[in-house]
Every structure is written in structure tokens, then in C-alpha cells.
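Me: I have a complex open here and want to go through it with you. Can we start with a pair of helices and then move on?

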Amino acid sequence: MGFAGDVTDGEVVRAVLGGDAERYAVLVRRYRDRYARYATRLLGSRDAAEDAVQDALVRAYDRLADCREPDKFAGWLFLILRNRCYAERRRRHGTTQPLDARADEIATEERPDGRLEQAEQMAALDASLDRLTPEQREVFVLKHMEGLAYEEIAGLTGATVPSLKMRMHRAYDRLRDLMREHL
Amino acid sequence: MTIRGLILVIVSALGASDLAAQDVAARLAGRVPVDVARAVEAIATDAAAQGLPVGPLIQKAIEGGAKGVPGDRVITAVRTLAGRLKQARDAVHGGGLTAASPDVVEAGADALNVGLLVRHVSDLTRVSRAPFDPAVTLRVAATLTALGIPPEQAARVVEDVIGSGGTPADVSGLPAEVQADLARGATPGQAVERLDRAGQGDGHRGGGAPPPPPPTGGRDKKPHDPTHKP
Amino acid sequence: MTNGYHPLVKSVLDGELPVEALPPELRAEGEEALRLLAALDRTPVTLSPALDERVMAAVRRHAASPARRAWRWLNTSRDLEVRLRVRRWTVWSGALAAAAAGIVVLLARGAAPVPNRAPTVTIRRGAPESVFVRFVLYAPSARQVAVAGTFNQWDRNAAPLVPAGASGVWTTTLALPVGQHQYAFVVDGATWVVDPTAPAIDDGFGHRNSLVAVTVRGARTL
């Protein structure tokens, strides 16, 4: 992993485990934003996502000896972050922030295209994603935002490809229903 | 047809539970008195018919024989264990695991044996979704209790670790952490307190109601607690 | 309630079928589905620049903490002995010490302290799904010692310990299958001695058994 010519994740992990804690900054820099979008979608706010990503990175450091495949640090970190996001959701008893507040927050992101209609559609889809089940939202985000294949998502989440597809297809139907006024 | 052939025909006509009973008899032969073996066979056959694991029952009888325990107490212990296995299986089902492996059922029975309640077993099973193994979760809670932590706290500590984003290695490392604290002179209560403080290092765990959702504007992030557990 | 998408349209959404491959009657539905995906906000989320420093500040604190150093030391693969001191036929339970890798330090009541060597459970991989576990018992007055448990059908003759010199220490190494086991030491063929440094569980006969879990990473308290 990492850019061509850069030190690999495995090399950094081994250096940190060897006692060079400062090298961990390489992994922090490399992955700080990698799953930020995913965490934001799951938790409903960038603040919550930042807390989750920070906690996940620190926990990954504490448990680095448990990372059995150092060259696959990214996937292992994702699992830690995912658990953290789900735990946070459980702690909130499944509630999310009020949709209006989150829509405002997302709306402050700089958009490449300022057309009002497109912005409205984005906001509507955003709100609709929030009304999916967490499992449906997760597979949708991982595939259509993060660009992962079903097999990759299966490897990350432990679900089977058929069950992921089933969740996704239900998500499509639900989104179609929720977005009918905007499509 | 020879006598042997007749016996083979009879054997092949027996149901699975009867064959299991024969296996029980073979494993107990020479290790416990005949009357004890017969009684254990009956208990094991009944357990097998209910879909419960029979191995632990045989092991308990063998253990009793090896320790020179009087026959009636061996039978009582095996019968008690059978009841506990059933209770554990029902509790695990109650936690949503309808096709529990023998290992999970046995782990649940061990948990009940040390004082965890049926609802603890159900709750621990419920939170033990992949990648967490319910058998490991139950054994960890049972071990913490065996180390002197009250059952309610033992179950809560394990659930907290899972619920706060812990990994399976975090869970299976709990007994050793507690034992290390005990070795340093801490009481079980103090060991649990330290785990709780470590969990609060991420700013989210602890007793009482969960924190409200973070505000949408501005950052309000406190630095990590230096007492965060290693 | 709107009808769900046609399965072929879902295949388009999954990226497994080009929209051009849809039959004419599904083309409009396919294009509507693609408009839905196009409405997705894929704007990257950038977290606060201060996050890196907050993470590294925590990392530095954890790296420097005594507990962290001790934890790293405890988890380093090393030889460890499980030690028990048995005075005559009574099970003595004094101060207990154990750690993740099974370090045990025992102080006998009314006797000289046990030398503070790192006691060990030596862990080596055996056959697949089994791990070598070394058991050690300090029993200077015993004539024979064995370990019996679920891994050997509680046979008190199956796993004798042997004296390690004249120190009063008895030891043996067994290949145990992965899983959880109950066990106890048998002193002089008759006295069942629980390991006071390990968690114990009621054996159903009025006594207790010790617990050890053998994992692919070695034996540990579990």
C-alpha cells in the first residue's frame, strides 16, 4: 500500500513494533482521510467521524502486534474503525443527528457544481441514505462511494457476497422509493 | 446367519442415540463402576436426544472416577451438568444463536457454573457477532468470574469491550490483564475499576447514560486519557 | 409505495451490466437508476489537520507508559514457568501473580520467598492444532507428581512430572490440542492439587479444577 516508491505499510508496522513509535505518523498521515467519508456517512457528522477515526488510529497503535498481515494494515484499520462506528451507533441507541443539522453540515462542503437542482438531489439522497438500515448504508457507501467490489467488501466485513447483494438490492429499492420526487 | 452377523444387524438397526450410548459405555468401561456407567449412559442418551453435547458428560464421569468420588455423587454431578448444558443451550438460543455449536453450549454451561446468570449468557451471546466467537466471549466472562470478579461486572466488562470497538484479541486478553493486576496486589474490584478507567480513556465508556451526540459546529475533542490501557 | 427496480436494472447499478444492454422497455428505468447514483455526494471528507498531532500525542504517551513497556515485555515470547509451592499435603495459596504469558511469582507463607525468576509456560508449536505446554510444580516433599485433566482423560498416570534437579521443582511438557482444558496436579498419587495461580472452577464434586486455554498463540489464562 502507499504511493509508488514510498515505504510500505508492512515496513512501517514492523518499524513501530520494533520500538520506533514516531514512524506511526506515516500510517496516520496515509489513512487519516481514507475512511473519513465512510465514517461520516455511518455516524452522520464529520465531528463524530473525526472522533471515531482518531480513536481507531490510537487503538490500532495499541493493538499493532495483533495485525497479522502488516501489509494489509489498511483493511485491519478499517475493521477497527468499523467496530468503533457501530459501537458509537449502539451507544446512541441507533439514533442519528437530526437530518436537518447533518444536511447543513454536508452542505457546507465545497461542491464542484453549484447548480441548485443538483444540490437538492444530493441533499435528498443524503437524507435517504440515512433512512437505510446500517448494513444497507454500509454496503452502499463502500461500493458506490469508496468504489470497492463486492468481494472486497465481503473480505472487509465478513459478510458473504450474496448477502451483501441482497442488502444492496433492498437499498436500491428503498432509495428509489425515497427519491421518487427527485428522479 | 452367524451370531456376530445377527449382532451387527441389530446394531445397525439401532438409532443414533443408542449408538451414542454404546460409545458412552465404551469410554466409561473400567473408569467407573458398572452401575455408574449405566446411569451416565441413560443421562447421556437423554441429553443426546435433546441435541445437547454428550462429551462433557462423559468427561465429568471419567473425572469423578479418577478422583475416587463415590458413585452416587458422580451420577449427581453428571445429571447436574446435563441440566446446566440444557439451560446454557436455551440461554444461547435466547441470545439469537439458534444453531449453537457444542463448544458454545459447553462454554455457556461453564459460565453458568461459575455464577453467571442465564441472562448474562444470552446477552453475551447476542453481542458476540462476527468476528467475535461466542464460545470465547462466554469463557472470558466465566474466567473473569472465576478470578473473583462479580458475575454482573464480568459480563459488563466483556460487553463493554465489544461494544466500544474492541477486537477479539482485546476480549481474550481480559483475563490475563486482570490476573496481572491481581498479581500486583489489586483486589478483583480494583482490577475491574482499572479496566473501566482504561475504557473511559477514549472518552466514551463508563457508567450511566450514553453521551449525547456531538454538536454539529466546532470541535470539542478532549485528548486521550493517559491511563488508557496498553 | 414505488415498485422496486427490475433485477436487470439492479445489475446495471451493480456495474455488472451496461445500461445499453437493457431491453428497450427497461431503458428508462435504467437511466433513472443511474441518475440516482449520479446524485451521490462523493465529495471527499477531510478531517481536521490537528487530528494527526492528537493521535501522535496519544501514541507517544502510550509508548512511554510503564504499563506499555511491561505489557510489551510480558508479551515477548520467552520461557515461563508455572510454579507452585506445596507444603506437605496442603494446598497453599499465598500471593498470586500471573500475566498474559503466564508469569507466576509465588511467596510461601512463613517461608523464604521463591526466587523471582521469570517462571514460564514454554510454548512451542506442536502438530497442527496443538501446542506444547510446560507445567511446573514446586513440591520438594513429594515423591511423585502428575498432571491430569480433560486433555488426558484425568489419567493420573498419563503425564508424570519429573524432578528438575534437586531444587524441588517438578516439570513436564505436553502437546495439548487447541481449546480450553481443566486440570489439576496429583501429588503422590492421591492428593489433587489445584493450581493456585490459575482461575479455578467448581468440579461438581466439592473441589475445584484449574483452567487453561490453549490457542494458536500459546497457552494463556482464559
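Me: Which residues of α7(B) meet α9(B)?
Reply: This is a predicted model. In it, B:His120, B:Asp123, B:Leu124 and B:Val127 of α7(B) are in contact with B:Pro151, B:Ala155, B:Val158, B:Glu159, B:Ile162 and B:Gly163 of α9(B).

Me: What classes do the residues of that contact fall into?
Reply: Six are nonpolar, two polar and two charged.

Me: At what angle do the axes of α7 and α9 of chain B cross?
Reply: Roughly 10 degrees, taking residues 118–127 and 151–163, and the axes come within 10 Å. Angles under 35 degrees count as roughly parallel, so α7(B) is roughly parallel to α9(B).

Me: Staying in chain B, where is the cis peptide bond?
Reply: Between B:Ala130 and B:Pro131, with omega at about 15 degrees. B:Pro131 sits in the loop between α7 and α8 (134–146) of chain B.

Me: Over to chain C. What is phi at C:Trp154?
Reply: About 55 degrees, which is positive although C:Trp154 is not a glycine. Most residues other than glycine have a negative phi. C:Trp154 is in the loop between β5 and β6 (160–163) of chain C.

Me: Is C:Trp154 buried or exposed?
Reply: Buried, because C:Trp154 has 25 C-beta neighbours inside 10 Å, and the cut-off is 20 or more.

Me: And what about C:Asp188?
Reply: C:Asp188 also has a positive phi, near 55 degrees. C:Asp188 belongs to the loop between β8 (179–187) and β9 (191–193) of chain C. C:Asp188 counts as partly exposed because it has 13 C-beta neighbours inside 10 Å.

Me: Where in chain C is confidence lowest, and where highest?
Reply: Lowest in strand β2 (residues 90–91), with a mean of 28, and highest in strand β5 (residues 145–149), at 94. Residues 74–126 of chain C have pLDDT below 50, yet beyond near neighbours in sequence this stretch has 126 contacts in the model. Where pLDDT is low, the predicted coordinates should not be read in detail.

Me: What is the mean for chain C?
Reply: The mean pLDDT is 72, and 66% of the residues of chain C reach 70 or more. For the complex, the predictor gives an ipTM of 0.77 and a pTM of 0.49.

Me: Last topic: how many residues of chain A are in contact with chain C?
Reply: 38, against 31 residues of chain C. Helices α2, α3, α4, α7 and α10 of chain A each supply at least two residues of that side. The largest share, nine residues, comes from α4(A).

Me: What is the make-up of the chain A side by class?
Reply: 19 nonpolar, five polar and 14 charged residues.

Notes:
Residues numbered from 1 in each chain as written. Chains lettered and ligands numbered in written order. Predicted model: local features only at pLDDT ≥ 70, side-chain atom pairs only at ≥ 80, totals over all residues. Contact = placed C-beta atoms within 7 Å. Helix = DSSP H or I, 4+ residues; strand = E, 2+ residues; numbered from the N terminus. Nonpolar A, V, L, I, M, F, W, Y, C, P; charged D, E, K, R; others polar. Axes fitted to C-alpha atoms, helices over the stretch in contact; angles between N-to-C directions. Parallel < 35°, antiparallel > 145°, perpendicular 65-115°, else oblique. pLDDT = per-residue confidence, 0-100. Buried ≥ 20, exposed ≤ 12 C-beta atoms within 10 Å, placed from the backbone.
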